[in-house]
Amino acid sequence: MSNAKRLDESMKTLEEGITKVKLIMDGYPASKLVTSEEYMRYYDCVYLLCIRPPPHDLSAELLQRYHAVLDESIYFKVLPFLKDKSGTSLLAEFLRVWANYKAMVKCLGGFFLYLDRKCSDQKSSAPLKEVALSCFQNRVCCDLLPKLFDAALLLISQDRREEPIDRSLLQGLSTFFWENGGPQKGTYYYLFEEKLLVDTYSCYSRFASEWLLSYSSADYILKVERCLNDERGRLSQYLYPSSVEKLLQVVHLKLSGETTSQLIEKQKAENLNSTKYQELLSRCSNLRIG
């Protein structure tokens, strides 16, 4: 077989593998699509296409094909499924397509492993995994991120009102935010944290005003204590510890630190036993939040 024909056959075989791998975006597990023998055959195809001397070295063409597979997957299997969605349905669908995309990239990366190493050695391309992440961030997240933030904030707000929610969505989104956003981990996460701090400040300002009107001073202090414990419990399930502590500081400030004078006036109006009240007030001020 001539070199030209062998290269052509290798490219056709690789395309068969790419067709299979793209089915991962439809939810098919890689283990059901590609056997270990096929996996090695596709790897060998890439290897053969990369080691030939010019003009038969097809490394550049393979790199273009890798980029094309990513673009095709995003434009046909990601964006259409996220269009016009919001709230919980957006978060659920986003995490689904993200999981499929990661699985596809992992499998595809195995086929193109030799190309990845060659590009790294020659410094002709970023690592293929980084290329895939950057592609997803640029094609999907740049426009979608504000909607993801809003949906997550809404879900946390519902959780604070003790409405039933699926906290696994927030767990998955928090992990995604931490792992993505740029060269440094946590870029998306810290952007979300800033928005959540602002939202928490506003949320507990409202709660403080409502509770001061609805509860006696003694009951208010007990409500604050219970609220801080509940807030820690829920946030710990889907945020990193540093974020939990920052948010608890905000909650404590809004419910306790900024309401002291109002509580004193309320206590006077209620003629609450001064000693008992001071014990409760001290208990509120000393609530453990760290």
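**View 1. Ser10 in helix α1.** Ser10 sits in helix α1, which covers residues 3-22; helices (H or I, at least four residues) and strands (E, at least two) are DSSP runs, numbered from the N terminus. This is a predicted model, where local features need pLDDT of at least 70 and side-chain atom pairs count only at pLDDT 80 or more, while totals for chains, interfaces and linings use all residues. Residues are numbered from 1 along each chain as its sequence is written, and side-chain values use heavy atoms, with hydrogens and water left out. Is Ser10 buried or exposed? Ser10 counts as buried, because its relative accessibility is 7%; buried means under 20% relative accessible area, exposed over 50%, and partly exposed in between (1.4 Å probe, protein chains only). Leaving aside residues up to four places away in sequence, Ser10 touches Cys45, Leu48 and Leu49, a contact being heavy atoms within 4.5 Å.

**View 2. Leu14 and its neighbours.** Now look at Leu14, and again set aside residues up to four places away in sequence: Leu14 touches Tyr42, Cys45, Val46, Leu49, Leu62, Phe111 and Phe112.

**View 3. The largest nonpolar core.** This core has 83 residues, and those touching the most other members are Leu14, Phe94, Tyr101, Phe112, Phe136, Phe177 and Leu255. Helix α8 (residues 128-160) gives the largest share of this core, 16 residues. A nonpolar core is a set of buried Ala, Val, Leu, Ile, Met, Phe, Trp, Tyr and Cys residues joined through side-chain atoms within 4.5 Å.

**View 4. Ser134 in helix α8.** Helix α8 also holds Ser134. This residue counts as partly exposed because its relative accessibility is 33%.

**View 5. Stepping back to the whole chain.** The protein chain has 14 helices and zero strands. Its radius of gyration is 27 Å, well over the 19 Å that the globule rule gives for 290 residues, so the chain is more spread out than a compact globule. That radius is taken over C-alpha atoms, and the globule rule is 2.2 Å times the number of residues to the power 0.38. Along the principal axes, the C-alpha atoms fill a box of roughly 100 × 35 × 30 Å. Of the 290 residues, 44% count as buried.
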